Amino acid sequence: MKLFLNECGIVCALGDSHAEIKRRLFAGESGIAPTEAWSPGRTLPLGRVLTGLPDGAALPLGQRSRNNRLALAALAQIRAAVDAAVARYGASRIGIVIGTSTSGIAETEAALQAHFAGASLPPDFHYAQQEMGSPAAMLAHELKVSGPAYAHSSACASGAKAMASAARLIRMGLCDAVLSGGVDTLCGFTVAGFSALESVSAARCNPLSANRGGINIGEGAALFLMTREPAAVALCGWGEASDGHHMSAPDPAGSGARLAIAEALGRAGVEPAQIDYINLHGTATIQNDAMESRVVHELFGAAVPVSSTKGYTGHALGAAAALEAALIWMAMQIDNPEGLLPPQLWDGVPDPALPALNVVAPGARLGRPLDWALSNSFAFGGSNATLILGRTR
C-alpha cells in the first residue's frame, strides 16, 4: 500500500512559502544568521523563523506557545485540503502525529525568569504549554478531529518517526488521513544544552568538511497530509532502529544506521542503486559525519548525489526530519523536470579521514525528474530513522 503525501505546509529559516523556500534552496542561499537572542553575550548562527505567525490567542491557555503558532503557520498553507479530508472521511478518521522536542519550553523559560525576578508567574503561562503532546492536541482542537492524536519526542528523529507512525495508522485501518510532521522552536534551553556538549559551531555549519565544528540549531515546522489518495509523491519506505550505544554519540560502526536504511529500502522495494539522492543527517559534528559518511559509502558507493541541508535551515531538532522530507517533496514536484538537487553549503574542503562522497554542488541536476530520495535522521540515544520518498507521476 502506497501512502501519498498529498499536501505539504512548511515554515523555516528559508521562509514561509514553497516558492521562496525553493528559490533560496536551489540558489544556495542560507537562512542561518547570527544572533544573541537565545545566548545573551554570545553571538551564534541560528536558523530563525522571521516571518509572521498566527497569534494563537483563540487557543486554550495551555496550548498557547510559539511552537504551536509555528505549527498553525504550516497548517494554514494546507488548511483547505485538510478541512476537505475531514469532510470526506469524518472527524474520527483523521489522525495527527507530530514530532517535537521543545514544545513550549520557551514559554516556561520566560515565566520562570519573571518569577525569579520577584514577580508572580505570568497570567498567560500554563504548565501544559510545555507538554510534548501539546502540538498534536492543539491541532486536533483546531481541526475538531477525534482520531488518534499524539507526539513523538525522540530528539532529531522525531519528525521521521511521526511520519512512519502516521503511515502505520493508515495501513492498520485506524485512519483514512493523517496530518503528520514535526515542529520545534528555538529556546535558551536547547542552545545552552548543545553548547554544554560542545556541539555548537560559532560559524555556519560545515558538513563533511575537514574544518567542521558542530551544529547550528534551527526551528521550523513541516506538516504533511498523508492519505491513500494518489499524489505526486509517496512515502514508500521507512526504517527505525536503535544503536544502544551512547546517550549522545552515535555508534561509530553505524550498526543502527545500517539497520534503519536497510529496513527502509526493503519496505520501499528498491535497491540502493535506484536511489537518486540522499539527504544526509549531516549535522557537521565530528562523530555524526564520520559514522554517516562511512555507512552511506558502504551501502551506496561514491556516485549517488548527497547533501546536508542543515546549512540552510539549521538543525531543527524534532522538526528536522520533517523539514528535510518537505525539501525533498518540493524537489519531486512537476516544476522540477531536470531534477535540480539541493546543493550543500560548505567550504568544499573534504575531510580526508572520511570516504569520498558525491556532494551536490550548486546547480547540480539529474537531467530528469528526481524519482527516489532517501533521508537519514540519527538522534541522541541512538534513535535512528530513515525515510524513502518516491515520485509517482
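**Overall architecture and the mixed sheet of a predicted model**

Among contacts in the protein (heavy atoms within 4.5 Å) between residues at least 6 apart in sequence, 80% join residues at least 24 apart. The structure is a predicted model, in which local features need pLDDT of at least 70 and side-chain atom pairs count only at pLDDT 80 or more, while totals for chains, interfaces and linings use all residues. Residues are numbered from 1 along each chain as its sequence is written, and side-chain values use heavy atoms, with hydrogens and water left out.

The protein contains 10 helices and 13 strands; these are DSSP runs numbered from the N terminus, with helices (H or I) of at least four residues and strands (E) of at least two. The radius of gyration, taken over C-alpha atoms, is 20 Å, close to the 21 Å that the globule rule gives for 393 residues, so the protein is as compact as a globular protein of that length; the rule is 2.2 Å times the number of residues to the power 0.38. The C-alpha trace spans about 60 × 55 × 40 Å along its principal axes. Buried residues (under 20% relative accessible area, with exposed over 50% and partly exposed in between, for a 1.4 Å probe and protein chains only) make up 59% of the 393 residues.

An open sheet of mixed pairing is formed by 11 strands, in the order S5-S4-S6-S7-S1-S8-S13-S12-S9-S10-S11. Strands S5 (149-152) and S11 (358-359) stand at the edges with a single partner strand each, so one side of each is left without a neighbour in the sheet. Two strands are counted as paired if DSSP finds at least two bridges between them. Strands S1 (residues 3-11) and S8 (residues 233-242) run antiparallel and are joined by two bridges; Phe 4 stands opposite Ala 234 in S8.

Strand S12 takes part in two of the pairings described here. Three bridges join S9 to S12 in parallel, with Asn 279 opposite Ser 375 in S12. S12 and S13 pair in the antiparallel sense over eight bridges, and Gly 390 in S13 is the bridge partner of Trp 372. These two strands form a hairpin with three residues between them, and Gly 381 in the turn has a positive phi of about 75°. Seven of the eight residues of S12 are buried, so this strand is largely enclosed by the rest of the structure.

Helix H10 (residues 320-331) lies across S1, S6, S7, S8, S9, S12 and S13, running at about 110° to S1. Angles run from 0 to 180 degrees between N-to-C directions, and axes are lines fitted to C-alpha atoms, for helices over the stretch in contact. At 1.5 Å a residue, the 12 residues of H10 should span 16 Å, and the end C-alpha atoms are 17 Å apart, which agrees; the expected span is 1.5 Å times one less than the number of residues. Because 12 of the 12 residues of H10 are buried, the helix is largely enclosed by the rest of the structure; among them are Glu 324 and Trp 329.

Most residues other than glycine have a negative phi. Lys 144, in the loop between helix H4 (134-143) and S5, is exposed, with a relative accessible area of 67%. Leu 317, in the loop between helix H9 (310-313) and H10, counts as buried at 7% relative accessibility.
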